[in-house]
Amino acid sequence: MRRPLVAGNWKMHGTRAENTRLVEALIEASDEAPCDVVVCPPHVYLWEVGRQIKDAPIGLGAQTVCAEAQGAFTGEVSAAMLKDVGCQFAIVGHSERRLLYREDDTLVARKFVAAHAVGLTPILCVGETLEERERGVTEEVVGRQLDAVLAVAGATAFARALVAYEPVWAIGTGKNATPDQAQAVHAFIRARIAARDATIADGLRLLYGGSVKAANAAELFDQPDVDGGLVGGASLKADEFVRICAAAA
Ligand code: PEP
């Protein structure tokens, strides 16, 4: 039985004051959450949010991580630094990083390995663009993105990792994948990992991301291979995020 997990990706939003209010509301509701809950604030707020949630059952994640361990990489933040400020999770390969910052499969795989190596749990994002879905190459794209990581990290690394299926056309658009569409790709992802290691695939938590909100979360999380969500916009509204977490029951 896989315990569901819901992670909030705040993206580049928030102020210290807004974060404090949001986290206070999440802490208040956290004992009742039927799932693991993770928040991913911008790097600059990680330490403060981490202090705020330290006694609550809420995990802390970073939105990205540098592939390098240390050195002359101005502006970057290493996996060890993220661990040092209290992170347990790191998102790698978010579509905004892939598309806007040209992070290719090779770089994403290196980031996964860098995060994993220091003991963080990578949340590996995969997903196709609208054009790719319409061309019928969704599985080819998602398979390629997964294989790039499997090739360098191996299937055993997925014993401590999550995969988030995030169709690019559903992120921030208000247009979520249907439960059937999500389930089909999640089943494909699990099978791809199972081909290397069935036990690890069986325990691997697969999150769906892309316009998840309280109104659609339950039907998405109800799918057999959907083990929770990676939530962007709706994670900035405490009530909405709490209701999404409750839908993971
Ligand atoms: C995301 O940023 O990972 C995401 C899924 O965003 P949204 O929920 O806003 O579509």
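Biologist: How do the residues of the lining of the largest pocket divide by class?

Modeller: This is a predicted model, where local features need pLDDT of at least 70 and side-chain atom pairs pLDDT 80 or more, while totals for chains, interfaces and linings use all residues. Residues are numbered from 1 along each chain, and side-chain values use heavy atoms, without hydrogens or water. A pocket is an open set of points on a 1 Å grid over the protein atoms alone, reached by a 1.4 Å probe, with protein on both sides within 12 Å along at least five of seven lines; lining residues have an atom within 4 Å of a point. With Ala, Val, Leu, Ile, Met, Phe, Trp, Tyr, Cys and Pro as nonpolar, Asp, Glu, Lys and Arg as charged and the others as polar, the lining has 5 nonpolar, 5 polar and 3 charged residues.

Biologist: Which helix gives the most to the lining of the largest pocket?

Modeller: The space in this pocket is about 430 Å³, a volume being that filled by probe spheres set on the grid points. Its lining holds 13 residues, and Lys11, Met12, Gln63, Arg97 and Tyr101 lie nearest the centre. With 3 residues from the stretch 95-100, the greatest contribution comes from helix 4.

Biologist: Which residues are closest to the centre of the second largest pocket?

Modeller: The second largest pocket holds about 240 Å³ of space. Its lining is made of 21 residues, and those closest to the centre are Gly172, Ser211, Gly232, Gly233 and Ala234.

Biologist: By class, what does the lining of the second largest pocket have?

Modeller: Polar residues number 10 in this lining. Beside them stand 6 nonpolar and 5 charged residues.

Biologist: Which elements give two or more residues to the lining of the largest cavity?

Modeller: A search of the whole structure finds 1 cavity of 30 Å³ or more, a cavity being a set of points where the probe fits but cannot get out. The largest cavity holds about 30 Å³, and its lining consists of Gly93, Ser95, Arg98, Cys125, Val126, Gly127, Gln145, Glu166 and Val168. Two or more of these residues come from each of helix 4 and strand 5 (121-126).

Biologist: Is helix 5 oblique or parallel to helix 7?

Modeller: The axes of helix 5 (residues 105-117) and helix 7 (residues 138-153) come within 9 Å and cross at roughly 45°. Because angles under 35 degrees count as roughly parallel, over 145 as roughly antiparallel and 65 to 115 as roughly perpendicular, with the rest oblique, helix 5 lies to helix 7 in a way that is oblique.

Biologist: Which residues in helix 7 does helix 5 meet?

Modeller: Contact means heavy atoms within 4.5 Å. From helix 5, Asp105, Ala109, Phe112 and Val113 take part, and they meet, in helix 7, Arg144, Gln145, Ala148, Val149, Val152 and Ala153.

Biologist: How do the residues of the contact of helix 7 with helix 8 divide by class?

Modeller: The axes of helix 7 and helix 8 (residues 179-194) come within 10 Å, crossing at roughly 35°. Thr138, Glu139, Val142, Gly143, Arg144, Leu146, Asp147 and Leu150 in helix 7 meet Val185, Phe188, Ile189, Arg192 and Ile193 in helix 8. By class, this contact has 7 nonpolar, 2 polar and 4 charged residues.

Biologist: How many nonpolar residues has the contact of helix 1 with helix 11?

Modeller: The axes of helix 1 (residues 16-30) and helix 11 (residues 238-246) come within 9 Å and cross at roughly 30°, and the two helices are therefore roughly parallel. Leu22, Ala25, Leu26 and Ala29 in helix 1 meet Ala238, Phe241 and Val242 in helix 11. This contact has no polar and no charged residues, and its nonpolar residues number 7.

Conventions: Helix = DSSP H or I, 4+ residues; strand = E, 2+ residues; numbered from the N terminus. Axes fitted to C-alpha atoms, helices over the stretch in contact; angles between N-to-C directions.
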